[in-house]
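Subject: Structure for your review

Dear colleague,

Please find below the structure that I am handing over to you. I would be grateful if you read the notes after it with the model open beside them.

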Amino acid sequence: MLTFYSADSRLRQARTELHDGTLVAPFECPERVDLVLKQLRLSGLGEIRAPSAYGLAPVLAVHDKDYVTFLANCWEAWLAAGHEGEAIPNIWPARRMRGDHIPHAISGQLGYYALAAETSISAGTFEAAMASKDVALGAVEYTLQTGEPSFGLCRPPGHHAAYDQFGGYCFFNNAAIAAQRALESGKRRVAILDVDFHHGNGTQQIFYRRDDVLFISLHGDPEVTFPYYLGYADEGGEGKGEGFNINYPLPHGTSVATWMATLEQALAKIQAAGCELLIVSLGVDIFENDPISAFTFTSEDFTNLGQRLAQAGLPSVFLMEGGYAVDEIGVNVSNVLHGFEQGV
Ligand SMILES: NCCCCCC(=O)NO
Ligand SMILES: [Zn+2]
């Protein structure tokens, strides 16, 4: 299987994450990608290729122009305003305030565009996000051209990024950008299957009123799991999108057997919808030892997951999302991809 990767993913060198009331070293760290690369090379998955630069057009196909401009300028504006640390929001257009106006001050803009406070912006964040969506585009272009599966080693991840919102370590929605490119290349319907522990609220939001992307997510119950405010089973899409958004919230500690049985339901929906491409938002934070998650996958279970996805029989693109058990992330990602190749 071909892997797309960009060294520019290391340009994001955030120093802080607000976690449990403390500024800690970010869980979404550059070492995650190094260790995945190391294991893919060790296990001989296949060629590792740098993507072309696709520019802003594919980003603007799914994200708001002013939001993209904000991301491009945020760090400089934050420094120009004399702030000491990394750009972290601490005020939002909360309920009973105005949400229809974007303030001039960068602190106000941060809160307007931020989903949550854990994701700092600093030097290189925008450039890394641009490289990450190029990795996703390289992977989907390859699969569209060859029908062969591909893996986009995306960093930063993307599935929490909405039309005009960042957070959950995400800035551009790589899976949405890839799906949009596939539709523009002639696919009539694309499935995005999100297996990350956390709900892909951004992906859901982008396609919620559309029937050309079927978004299906298995994730920790938002009653007790980030992002809390989206990802419930009653969110089925709106307008033309009715029936093309399917959430499977699952309790913390869900067994792998239950998770895999739920996956069967998801794969049946994908088949019934006549999807012509499968994009997998591959978060391996469903691993039993993930530091911020609560599912129970062992490393061996990831191999079974890959094998089962291959049996869906669709051209498939895997895009890296979460996964923070750094020591095992390489094996866990590699097992999914090798499992897929075994299952073909
Ligand atoms: N407390 C912030 C949790 C961010 C979750 C990031 C992630 O893995 N999303 O898939
Ligand atoms: Zn996650």
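Predicted model: local features only at pLDDT ≥ 70, side-chain atom pairs only at ≥ 80, totals over all residues.

Helix α3

I begin with helix α3, which covers residues 65-80.

Which residues of α3 are buried? They are Y67, V68, F70, L71, C74, W75 and W78. These buried residues pack against three other helices, namely α2 (57-60), α4 (106-113) and α5 (125-146). After α3 comes G82, which has a positive phi near 85 degrees.

D64 is placed in the loop between α2 and α3. At the start of α3, a side-chain oxygen of D64 comes to within 3.3 Å of the backbone nitrogen of D66. Is D64 buried or exposed? Its relative accessibility is 17%, and the limit for a buried residue is under 20%, so D64 counts as buried. Apart from neighbours within four places in sequence, D64 is in contact with Y113, Y163 and D164. By contrast, 29 Å separates the C-alpha atom of D64 from that of Y324, a residue 260 places away along the chain.

The zinc site

Which residues coordinate the zinc ion (ligand 2)? The coordinating residues are D196 (OD), H198 (ND1) and D285 (OD), at 2.0 to 2.1 Å. In sequence, the spacing of these donor residues is D-x1-H-x86-D. The site has 6 donor atoms, and the angles among them run from 30 to 159 degrees; its geometry is irregular. Both D196 and H198 are buried.

Backbone features in the loops

Most peptide bonds are trans, and most residues other than glycine have a negative phi.

- R155 and P156 are joined by a cis peptide bond, with omega about 0 degrees. P156 belongs to the loop between β5 (150-152) and α6 (174-184).
- The peptide bond from F226 to P227 is also cis, and its omega is near 10 degrees. P227 lies in the loop between β7 (213-220) and β8 (245-250).
- Y169 is not a glycine, yet its phi is positive, at about 75 degrees. This residue sits in the loop between β5 and α6. With a relative accessible area of 9%, Y169 is buried.
- Y228, likewise a residue other than glycine, has a positive phi near 65 degrees. Its place is in the loop between β7 and β8. Y228 counts as partly exposed, because its relative accessibility is 38% and that class lies between 20% and 50%.

Residue T303

Finally, T303 is part of helix α9 (residues 299-310). T303 is buried, its relative accessible area being 17%. If residues up to four places away in sequence are set aside, T303 touches N335, G339 and Q342.

With kind regards

Notes. Residues numbered from 1 in each chain as written. Chains lettered and ligands numbered in written order. Heavy atoms only, no water. Helix = DSSP H or I, 4+ residues; strand = E, 2+ residues; numbered from the N terminus. Expected span 1.5 Å × (residues − 1). Buried < 20%, exposed > 50% of the residue type's maximum accessible area, 1.4 Å probe, protein only. Contact = heavy atoms within 4.5 Å. Polar contact = N/O pair within 3.5 Å; in protein donor to acceptor, adjacent residues only side chain to side chain. Donors = N, O, S within 2.8 Å, 3.2 Å for Na, K, Ca; no water. Tetrahedral: all angles 85-135°; square planar, octahedral: opposite > 155°, others 65-115°.
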